[in-house]
Amino acid sequence: MAVSEVLAALADETRRKILLKLKEGKINSGDLAIALEMTPQALSYHLSKLKKADLIYETKYKNFIYYELNLSILDETILWMNSLRGGQ
């Protein structure tokens with residue numbers, strides 16, 4: 001895990017909104033764009049940043065691409081951040 005990529009991805013408000021929507025469960029890119037009132041192009045840009053940071057992953061089913069959270073990366077990031085406190 002590249003902590004710098006994860007933190008950079010989380011720094012953007014739009015990407016945090018995407019993650020909050022994905023918290024509700026797996027969703028295809030078209031429905032995600034509609035739910036967030038984004039153009040497919042803008043959504044694609046943000047999804048690529050989140051994928052690069054391994055915060056989400058995609059699965060393909062027929063003509064659709066579905067996205068969902070990668071909770072293991074979130075857990076690793078939280079553990080790393082907690083380690084900065086020392087001894088916890």
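The structure is a predicted model, in which local features need pLDDT of at least 70 and side-chain atom pairs count only at pLDDT 80 or more, while totals for chains, interfaces and linings use all residues. Residues are numbered from 1 along each chain as its sequence is written, and side-chain values use heavy atoms, with hydrogens and water left out.

The secondary structure consists of five helices and three strands; these are DSSP runs numbered from the N terminus, with helices (H or I) of at least four residues and strands (E) of at least two. Their order along the sequence is α-α-β-α-α-β-β-α. The C-alpha trace spans about 50 × 25 × 20 Å along its principal axes. Of the 88 residues, 28% count as buried (buried means under 20% relative accessible area, exposed over 50%, and partly exposed in between, with a 1.4 Å probe and protein chains only). Among contacts (heavy atoms within 4.5 Å) with a separation of 6 or more, 52% join residues 24 or more positions apart.

Two helix pairings may be examined in turn. Helix H1 (residues 3-10) and helix H5 (residues 71-83) have axes that come within 11 Å and cross at roughly 105 degrees. H1 is therefore roughly perpendicular to H5. Axes are lines fitted to C-alpha atoms, for helices over the stretch in contact, and angles run from 0 to 180 degrees between N-to-C directions; those under 35 degrees count as roughly parallel, over 145 as roughly antiparallel, 65 to 115 as roughly perpendicular and the rest as oblique. On the H1 side, Val-3, Val-6 and Leu-7 meet Ile-73, Thr-77 and Trp-80 of H5. These residues comprise five nonpolar, one polar and no charged (Ala, Val, Leu, Ile, Met, Phe, Trp, Tyr, Cys and Pro count as nonpolar, Asp, Glu, Lys and Arg as charged, and the others, Gly among them, as polar). Also in helix H5 is Met-81, which is partly exposed at a relative accessible area of 42%. Its C-alpha atom is separated by 9.6 Å from that of Val-3, 78 residues apart along the chain.

In the second pairing, H2 and H4 pack at about 80 degrees with their axes 10 Å apart, so H2 is roughly perpendicular to H4. Thr-14, Arg-15, Ile-18 and Leu-19 of H2 make this contact with residues of H4 including Leu-43, His-46 and Leu-50. The contact residues divide into six nonpolar, two polar and two charged.

The largest nonpolar core has 18 residues, and Leu-22 and Leu-55 have the most contacts inside it. Such a core is a set of buried Ala, Val, Leu, Ile, Met, Phe, Trp, Tyr and Cys residues joined through side-chain atoms within 4.5 Å. At least two core residues come from each of H1, helix H2 (13-23), helix H3 (29-35), helix H4 (40-52) and strand E3 (64-69). Beyond four places in sequence, the contacts of Leu-55 include Val-6, Leu-19, Leu-50, Glu-68 and Ile-73.

Glu-68 lies in strand E3 and counts as buried, because its relative accessibility is 19%. Apart from residues up to four places away in sequence, Glu-68 touches Leu-22, Lys-26, Leu-55, Ile-56, Tyr-57 and Thr-59.

The whole structure holds one aromatic pair. The ring centres of Phe-64 and Tyr-66 are 6.4 Å apart and the planes stand at 55 degrees, so the pair is tilted. Rings of Phe, Tyr and Trp (its six-membered ring) pair if their centres lie within 6.5 Å, and planes under 30 degrees apart count as stacked, over 60 as edge-to-face and the rest as tilted. Phe-64 is partly exposed at 44% relative accessibility, and Tyr-66 is partly exposed at 22%.
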